[in-house]
Amino acid sequence: MPGGKRKPAMKTKIDIISGSLGAGKTTLIKKLIREAYHGEKLVIVQNEYGAETFSAQELGTAGIDLEGVSAGCICCDGSANFISSIESIVAWTQPERILLEPSGLGRLSDIKAMLRSACGEYTEISGTAAVADARKAELYLRNFRGVYDDQIANAACIVLSRAEALDPELLEKRITLLKTLNPGARMIYGAWNGIPGGEIAEAVKCRAEI
């Protein structure tokens, strides 16, 4: 690895939890930490800070490190800073898994390509999710076309947040809309507190073609 850093014994898994600002990415990561990834050596890498944050108690109790990449979107202006951060985390911390929360403006296809090109020797993309606010799917498709649909189309799993706020007919329309962008994606919807974190983690795992 660059700079004479230690080469990890095995590849670090990276789960990318994408989605627009406020969709619920951080909330989903917290659920996965509590219910699916307990016992693993984890590092969280955030490129965006929303209303939901990680407390020192949440991180310290679980022995989790939190790293921030704030020099622009990681798939554009901040890419060099991002790659350097991943290299350092893997070399010195050697986590089993990195949970990556990119900016809401980050194209998932670009992030995956960058990781595979620059970090593929010592990391592997283990899972990809697009968190979508069920109430705003049509709005975001209209206003953020090219970014929002890229996140949906390139995710192994689409996780709908706030789906319980919609009546069944409208929810079905939103699900159908998102499935047109990614027919093969696994779909998770309903109140998150009623869905086991392990079930979501299994759905997030990448398929060969994603």
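What follows is a quick tour of some rings, cysteines and helices in this predicted model.

Let's start with the aromatic rings. The count comes to two aromatic pairs. One of the pairs brings together Tyr140 and Phe144, which are stacked, with 5.1 Å from centre to centre and 25° between the planes. That angle counts as stacked because it is under 30 degrees. Ring pairs also bring in Tyr148, giving a cluster of Tyr140, Phe144 and Tyr148.

Tyr140 counts as buried because its relative accessibility, 16%, is under 20%. Phe144, its stacked partner, comes out as partly exposed at 37%.

| Residue | Relative accessibility | Class |
|---|---|---|
| Cys119 | 0% | buried |
| Cys157 | 0% | buried |
| Tyr140 | 16% | buried |
| Phe144 | 37% | partly exposed |

And how many disulfides are there? The count is zero.

Last up, a pair of helices. Helix H1 covers residues 25–35 and helix H8 covers residues 197–204, and the two pack at about 110° with their axes 8 Å apart. So H1 is roughly perpendicular to H8, a label that takes in angles from 65 to 115 degrees. The crossing of H1 and H8 is left-handed.

Methods: Residues are numbered from 1 along each chain as its sequence is written. This is a predicted model: local features need pLDDT of at least 70, side-chain atom pairs count only at pLDDT 80 or more; totals for chains, interfaces and linings use all residues. Side-chain values use heavy atoms; hydrogens and water are left out. A disulfide is a pair of cysteine sulfur atoms within 2.5 Å. Buried means under 20% relative accessible area, exposed over 50%, partly exposed in between (1.4 Å probe, protein chains only). Rings of Phe, Tyr and Trp (its six-membered ring) pair if their centres lie within 6.5 Å; planes under 30 degrees apart count as stacked, over 60 as edge-to-face and the rest as tilted. Axes are lines fitted to C-alpha atoms, for helices over the stretch in contact, and angles run from 0 to 180 degrees between N-to-C directions. Helices (H or I, at least four residues) and strands (E, at least two) are DSSP runs, numbered from the N terminus. Angles under 35 degrees count as roughly parallel, over 145 as roughly antiparallel, 65 to 115 as roughly perpendicular and the rest as oblique. A crossing is left-handed if the near helix is turned anticlockwise from the far one by less than a right angle, and right-handed if clockwise.
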